[in-house]
Amino acid sequence: MTDDAPELRASDADRERVAEVLRDALAEGRLDMTEFEERLDATYRARTYGELAPITRDLPDGTAVVAPKVSMTKEPAATGDWAGRITGGEPSSTWAVAVMSGFQRKGRWTVPRRFNSFAFWGGGDIDLREANFADGEVVINCVAIMGGMNVVVPPGVEVIVRGIGIMGGFDHREEGVPGDPGAPRVIVTGFAFWGGVGVERKLTRAEKLRIKEERRQEKLERRQSRERDPLERESDPKELDPSRHTFPDLHGDRRERERRRDS
């Protein structure tokens, strides 16, 4: 973020770059959830570079300990949001176990080609909304014995469910939804005995806040428009032109009554 023209209007892409820095800071523990939500809300309310600059001034950009910069020149749009998330790199974690306890895999992490999980009298959450992917197709293998697991995917991801349940089951509601071009495919498989594996599609918290702010801004603009319309009509010269208004002819009415009385 430069300070050359703080009054210059920021774009949606600029706000998204700042939001990405905030998400990384949350995942790294630099911000707690309250600070993250406050700064994210300020990000989507910001209208100029001068308002965006202070939000991430004390945070690194994720690759070097320097103030994150937002380009002041127009850049070509990216070919797809998913291209940067299928990294082909080393996975952050390849397995998780919960025995009379629980586990979580969420936030910014790299999903391997195959992730194995096991829960016995326990449960686990596997959240892929902010994850990167080691491959364009990943397998989430879930074994739940008298326990349960929940797999959360972001919009745009194709989901295929192949698990087997005995006195238990796998959630198939998200199957059949076409994926976005270039998006990964997630295959949920495994075995559930007296347990279950849920699959649901959710927006990220940041996306929910962005949509909430957009709706708030639209309501504000509609209210301002309604308040402005009466003022514009009052200031319209046509509305103030006496010739446009019809007034009763009081003298004519009196003369007519007198004529009738004389006759």
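Modeller: K219 is exposed, because its relative accessible area is 53% and a residue counts as exposed when that value is over 50%. Please keep in mind that this is a predicted model. K219 belongs to helix α4, which covers residues 205–234. On the surface, K219 gathers with R215, R222, R223 and R226 in a patch of positive charge.

The surface also carries a patch of another kind. W95, V97, V99, M100, F118 and W121 form a nonpolar patch, and together these residues have about 640 Å² of accessible area. Strand β1, residues 95–99, gives the most to this nonpolar patch, with 3 residues. M100, another member of the patch, is placed in the loop between β1 and β2, the latter being residues 102–105. M100 has a relative accessible area of 58% and is therefore exposed.

β2 is part of an open sheet of 5 strands, in the order β2-β5-β8-β13-β11, with parallel pairing. β2 and β11, the latter being residues 169–170, stand at the edges; each has a single partner strand, so one side of each is left without a neighbour in the sheet. In general, the strands of a sheet pair through backbone hydrogen bonds, in either a parallel or an antiparallel sense. Here, β2 pairs with strand β5, residues 123–127, in the parallel sense over 4 bridges. Within this region, Q104 stands opposite D125 in β5.

The loops around the other strands deserve attention as well. R173 is found in the loop between β11 and β12, the latter being residues 185–193. With a relative accessible area of 67%, R173 is exposed. R173 and V159 are 14 residues apart in sequence, and their C-alpha atoms are 9.6 Å apart in space.

Two methionines call for a remark on the backbone. Most residues other than glycine have a negative phi. M146, however, has a positive phi of about 50° although it is not a glycine. M146 is found in the loop between β7, residues 137–145, and β8, residues 148–153; its relative accessible area of 28% makes M146 partly exposed. M167 also has a positive phi, near 50°. M167 lies in the loop between β10, residues 164–166, and β11, and at 56% relative accessibility M167 counts as exposed.

Conventions:
Residues numbered from 1 in each chain as written. Predicted model: local features only at pLDDT ≥ 70, side-chain atom pairs only at ≥ 80, totals over all residues. Heavy atoms only, no water. Patch = residues over 30% accessible without salt bridge, like charges linked within 9 Å, V, L, I, M, F, W, Y side chains within 5 Å. Areas by Shrake-Rupley, 256 points an atom, 1.4 Å probe, with all protein chains shown as cover. Salt bridge = Lys/Arg side-chain N within 4 Å of Asp/Glu carboxyl O. Buried < 20%, exposed > 50% of the residue type's maximum accessible area, 1.4 Å probe, protein only. Pairing = 2+ DSSP bridges. Lys, Arg positive; Asp, Glu negative; His and termini not counted. Charge placed at Lys NZ, Arg CZ, Asp CG, Glu CD.
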